[in-house]
Amino acid sequence: MRRFRRDPLEYLEVCARRSPAEVFRLPWGAWCVRDTEQALTVLRDPAFHSGISTFFGDMLPSRANQIALGRAVRNLLRSQLPAYRRCVTEAAAGLGPVSRWPEAGPLLVYRCTADVLLHPGAPPALRRQLAQAVAAGLTARQPSMRQRARAELLRPGLLAAIIEHVRGRRAGGSEQGGPQDVLDAVIGACPEELTDRTVANLYVLLFQSIVGNIGYAVAWTVLLACLHHPPGPPWPWPAEWLVREAARHRPFVWMVGRPAPHPLEFGGLPFAAGTILSVSPYLLHHDTHRWDRPEMFRPERWNGTERQGPYLPFSTGPFTCAGAAVAHSLITETVTALAQDARLTVSGGDARPLVSGSVLPRPFALHRTLKAPSEARAHEGR
Ligand code: HEM
């Protein structure tokens, strides 16, 4: 466990290399499927997907409810893409010459999704609490105890306020003409018998997926691009390639699991029903048999001419992320806005990840220098 804590991803790679079997034991008792083919089988085979997805825990009673909720939130976010694009250009410009990352990632995303997460007519105090929660780092499990304690301190109060607001909205009945915000979408997709607390927890789960996952993915993309390109000239890669390569090199979600549906033999070993078989997108993204020099950050591998290996930053198969496409667009829009008419450099950061619940970048400063107007126009004309 000590070796795992020191560097979880390296630990994983060493175990995968040394393991004589296709499946090896993780320090917390689950099993990790090392072999790429077998791992993809776990994520795609209908046998592992006859029940409900563990993403929602046991908060929703059926798979149909889970699908409906994912789609409702995804569709709402998709409809807001043009508004997001407009807002993020302005928000990136307002970042100032030096900003502190990775926390600036979720803050930036929150700033441009605040009204779709909770519409402006909602109680101002609740909107303030949400903003404070983002600033305190509640959108991802923080790596240090101190940061975690600071963020978690806000959770009970925030949850109580959301529960009260959910109660009010549910009592008021559904709005005509579709959801006004993510909370409406969650309430609309939840069966009536669910408690207000469960609805509030589902909202928080989706809130974190939107603000945290997207915000930290932006942080990784900017950091890796700056670390791999000399300061001065604009990045030679389209934002699209950068976003894909950052999610391959440092996937924010490093492990997904599926419970064995019944006693089964897998990779030559017997497993009891309910044993968690885990798949690591990180391991698959670094499989030297499937990717050319996977340890290197090379955005040009996405230029359409190179062989691609297994790519699953949003997982794959029947339980794949419902928001994958829209999340990818939002990350790309944000990175594009940050790089627009500006030179970006970083200080204080490196590519080593901090692994807690997910894969987070270490603290770094982003220096954003605006190009001279003539230079910016010349770039536009290209
Ligand atoms: C960078 C952004 C994101 C990443 C990396 C990400 C990643 C993931 C992963 C790895 C899963 C687990 C799938 C599995 O168990 O196999 C998942 C599930 C899910 N994600 Fe995302 N996600 C992101 C953003 C979003 C957004 C913006 C939404 C909003 C709609 C969203 C909604 C969901 C839902 C509803 C599920 C459960 C899917 C199901 O079981 O049907 N995610 N996500």
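Visitor: What kind of pairing holds for the open sheet of 3 strands, E3-E11-E8?
Guide: Antiparallel pairing, in that order. Strands here are DSSP runs of E with at least two residues, numbered from the N terminus, while helices are runs of H or I with at least four. Keep in mind that this is a predicted model: local features need pLDDT of at least 70, side-chain atom pairs count only at pLDDT 80 or more, and totals for chains, interfaces and linings use all residues. Residues are numbered from 1 along each chain as its sequence is written.

Visitor: How do you know that E3 and E11 pair?
Guide: Two strands pair if DSSP finds at least two bridges between them. E3 and strand E11 (residues 364-370) have 4 bridges and run antiparallel, so they meet that definition. One spot to look at is Ser99, whose bridge partner in E11 is Leu366.

Visitor: What makes the pairing of E4 and E7 count?
Guide: E4 and strand E7 (residues 276-279) share 4 bridges in the antiparallel sense, against the at least two that pairing asks for, so they pair. Val256 stands opposite Val279 in E7.

Visitor: What lies across E4 and E7?
Guide: Helix H3 (residues 36-44) does, and also across strand E2 (31-33); H3 runs at about 115° to E7. Contact means C-beta atoms, placed from the backbone, within 7 Å.

Visitor: How do you know that the length of H9 is close to the expected one?
Guide: The expected span is 1.5 Å times one less than the number of residues. Helix H9 (residues 155-172) has 18 residues and reaches 26 Å from its first C-alpha to its last, close to the 26 Å expected. Next comes Gly173, with a positive phi near 85°.

Visitor: What puts a residue in the shell around the ligand, and how many are there?
Guide: Its C-beta atom, placed from the backbone, must lie within 6 Å. 26 residues surround the ligand, and the closest are Ser53, Gly70, Ser315, Cys321 and Gly323. By class, the shell has 17 nonpolar, 8 polar and 1 charged residues. Nonpolar means Ala, Val, Leu, Ile, Met, Phe, Trp, Tyr, Cys and Pro; charged means Asp, Glu, Lys and Arg; the others, Gly among them, are polar.

Notes. Two residues are in contact if their C-beta atoms, placed from the backbone, lie within 7 Å. Axes are lines fitted to C-alpha atoms, for helices over the stretch in contact, and angles run from 0 to 180 degrees between N-to-C directions.
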